[in-house]
Amino acid sequence: MVIVMKKSCNRQEIDAVIAMLERCGMGANLSTGAQTTVIGVLGDKTKLEGLNLELMDGVEKCVPIMHSYKLASHEMCPEGRTVTVGGEVIGGKKLCMMAGPCAVESEEQVLEAAQGVRAAGAGFLRGGAYKPRTSPYAFQGMEDEGYRLLRRAADATGLKVISEVVSHDQIDLAGKYCDMLQVGARNMQNFRLLREIGKSGIPVLLKRGIASTVEEWLDAAEYIMSEGNYNVVLCERGIRTFETATRNTLDVSAVPVVRERSSLPVLIDPSHAAGKARYVEPLALAGIAAGADGLIIEVHPNPKVAMSDAAQQLTIPDYGRLVQRAGAVAQALGRTL
């Protein structure tokens, strides 16, 4: 349930409602927007039986939340949340651009990629230090050294770092080198990992599971937020269907659905959806047109020699052209790059 306060309410009235909830053993999440102040009620609502909260001073109405995800719901924060990572704001008018190689392969490779995507307009350097692969014999990444190389390249180019963690015991080390952590599709329901990231407070990009519903995706976000970390950004990266023409089927419709049901920002990953470089740009533009808050795209200085996902990585010049076209779509929607 959320308690919607009157526009004329004062701080004393808000504090009185929160104190009442706490006396009943309930949690309270305060969301103050330009137009509305909302108090989210967390816990067993049966503890509030016999209380008429709508009669308290400053309360306009009480609205039940029917979803299993409370903190991630639109009702809890009607104006929407933004996530700030350094000077980059995700979820605002400006679209967030993340780009870089699928996997960190060498210092030269990641630095060249960083310089290229920075020149094109990206604010984040993405790259896999640890690579969860279907085959145990495929390249698994440079692991801890990969984090260090990403940080070095990002510092040299003025970018923020985002990279995946695949286990809860990697969070402390990754947090030393990464500005934002990524939870990949395979780990969307690794609940131990989600809870530990929630406790860390580090901003996180949560990718949708390969065969997960939107509700399951938002429930995964709730695991992180329930531990106190509200710095969560969602990422639609395609789901598995019967279609084989692309690696995955990009669910563009998930973007407006998420924006209706949730307060969290949402990005599009057209690279993992497409599986082929020639499809990345049209899918990226479709995602922006659908209302996504940004893009995360795989870019390699020389995709032909990439050690993983070579077919779906863009060259640096191709990424530059994509950003220009993405800017035109964004402008048509009243947004900027």
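Axes are lines fitted to C-alpha atoms, for helices over the stretch in contact, and angles run from 0 to 180 degrees between N-to-C directions. Helices (H or I, at least four residues) and strands (E, at least two) are DSSP runs, numbered from the N terminus. The model is predicted, with local features needing pLDDT of at least 70 and side-chain atom pairs counted only at pLDDT 80 or more, while totals for chains, interfaces and linings use all residues. Residues are numbered from 1 along each chain as its sequence is written, and side-chain values use heavy atoms, leaving out hydrogens and water.

Helix H2 (residues 107–120) packs with helix H10 (residues 316–332) at an angle of about 20°, and their axes are 9 Å apart. H2 is therefore roughly parallel to H10, a term that covers angles under 35 degrees. The contact, meaning heavy atoms within 4.5 Å, is made by Glu112, Ala113, Gly116, Val117 and Ala120 of H2 together with Ile316, Tyr319, Gly320 and Val323 of H10.

Two residues other than glycine have a positive phi, and the table gives their values and the loops in which they are found.

| Residue | Phi | Loop |
|---|---|---|
| Glu143 | about 60° | between strand S8 (124–126) and helix H3 (144–157) |

Notes: Angles under 35 degrees count as roughly parallel, over 145 as roughly antiparallel, 65 to 115 as roughly perpendicular and the rest as oblique.
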